[in-house]
Amino acid sequence: MAITLNSGFKMPVLGLGVWRMDRNEIKNLLLSAINLGYRHFDCAADYKNELEVGEAFKEAFDTDLVKREDLFITTKLWNSDHGHVIEACKNSLKKLQLEYLDLYLIHFPMASKHSGIGTTRSILDDEGVLEVDATISLEATWHEMEKLVEMGLVRSIGISNYDVYLTRDILSYSKIKPAVNQIETHPYFQRDSLIKFCHKYGIAITAHTPLGGALANTERFGSVSCLDDPVLKKLSDKHNKSPAQIVLRWGVQRNTIVIPKSSKTKRLEENLNIFDFELSKEDMELIKTMERNQRSNTPAKAWGIDVYA
């Protein structure tokens, strides 16, 4: 299944995120994923594994496992490269061994101190607070993103971690409208208003952390996984599907794109198998009751400042 973006290109509604994947395992994992049927991959310069991801793509293309045009590949501009958009994009393309990107996103709506193209460091001051570069506006960054489309390096451009205010703002100055806003959303953090706003103005939503981060975010950020919630266990029994499959199906039925991450082949296969059942209106309403307004991915832990405050 795919949706058509406002740029005219189709984007698969289910993809594979590569954040926190072990570099030594990436090639085999991505090749396995392609064999299973994945055609959408979500990357980022800050994940620090574009080189390894690129090697996997090259092998897939060289062995005719898949054609380049059959894949939808996303990567992202890091905060420290806002003043160097074109160079940063070319650096990612080189690492990924690609001639073009299907989607390039502004990873966070904030410029930080430059640390060298593609190095994606988050430089902190003496008090442990992120060094923000207040001389670079989001408007200036976006107009550089638009140049990438004009240059043929990128097919679609978008934003990530933008709220309603900033999304409304970018609509006022963009010549090319954002095709996608990638945000954290899952049953414990549903964000209906932001999703409704983006859809109203033709911006697709990609749900990062669509399963709530599970154990990885519990250990890193101290959050609670929604997958253990009794509501999901009830629906899991009803549909004979795992809680993760219920959540991913819920995401797709909300008209969002979901990009779960997994390093286990069994889970990769399981996450793909969400198109042979449907949640009822009552099921969807039941999941609505799970809302906790609980963000699980909190960069303040590393940056010394809550950028969502």
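Q: Which residue is the bridge partner of serine 160 in S8?
A: Glutamine 182 is the one, over in S8. Bear in mind that this is a predicted model, where local features need pLDDT of at least 70 and side-chain atom pairs count only at pLDDT 80 or more, while totals for chains, interfaces and linings use all residues. Residues are numbered from 1 along each chain as its sequence is written, and side-chain values use heavy atoms, with hydrogens and water left out.

Q: What makes S7 and S8 a pair of strands?
A: Strands S7 (residues 154–160) and S8 run parallel and are joined by 2 bridges. Two strands pair if DSSP finds at least two bridges between them, so S7 and S8 qualify. Strands here are DSSP runs (E, at least two residues) and helices are too (H or I, at least four), numbered from the N terminus.

Q: How do you know that S8 also pairs with S9?
A: DSSP gives 5 bridges between S8 and strand S9 (residues 204–208), again in the parallel sense.

Q: What is called a right-handed β-α-β unit?
A: S7, helix H5 (residues 164–173) and S8 make up such a unit. The label is used because, with the strands pointing away from the viewer, the path from the first strand over the helix to the second runs clockwise.

Q: Why is S8 called largely enclosed?
A: Its 5 residues (180–184) are buried, 5 of 5, so the rest of the structure largely encloses S8. Buried means under 20% relative accessible area, with exposed over 50% and partly exposed in between (1.4 Å probe, protein chains only). Val180, Gln182 and Glu184 point one way, Asn181 and Ile183 the other, and all are buried.

Q: What makes tryptophan 78 and phenylalanine 108 an edge-to-face aromatic pair?
A: Their ring centres are 5.9 Å apart and the planes make 85°. Rings of Phe, Tyr and Trp (its six-membered ring) pair if their centres lie within 6.5 Å, and planes under 30 degrees apart count as stacked, over 60 as edge-to-face and the rest as tilted, so this pair is edge-to-face. The two residues are 30 apart in the chain, and both are buried.

Q: How do you know that arginine 295 sits over the ring of tyrosine 308?
A: The charged end of arginine 295 is 3.4 Å from the ring centre. The rule wants NZ of Lys or CZ of Arg within 6 Å of the centre and within 35 degrees of the ring normal. Arginine 20 lies over the face of tryptophan 19 at 3.9 Å.

Q: What makes the phi of aspartate 64 a positive value?
A: Phi is near 60°, in a residue other than glycine. Most residues other than glycine have a negative phi. Aspartate 64 is exposed, at 68% relative accessible area.
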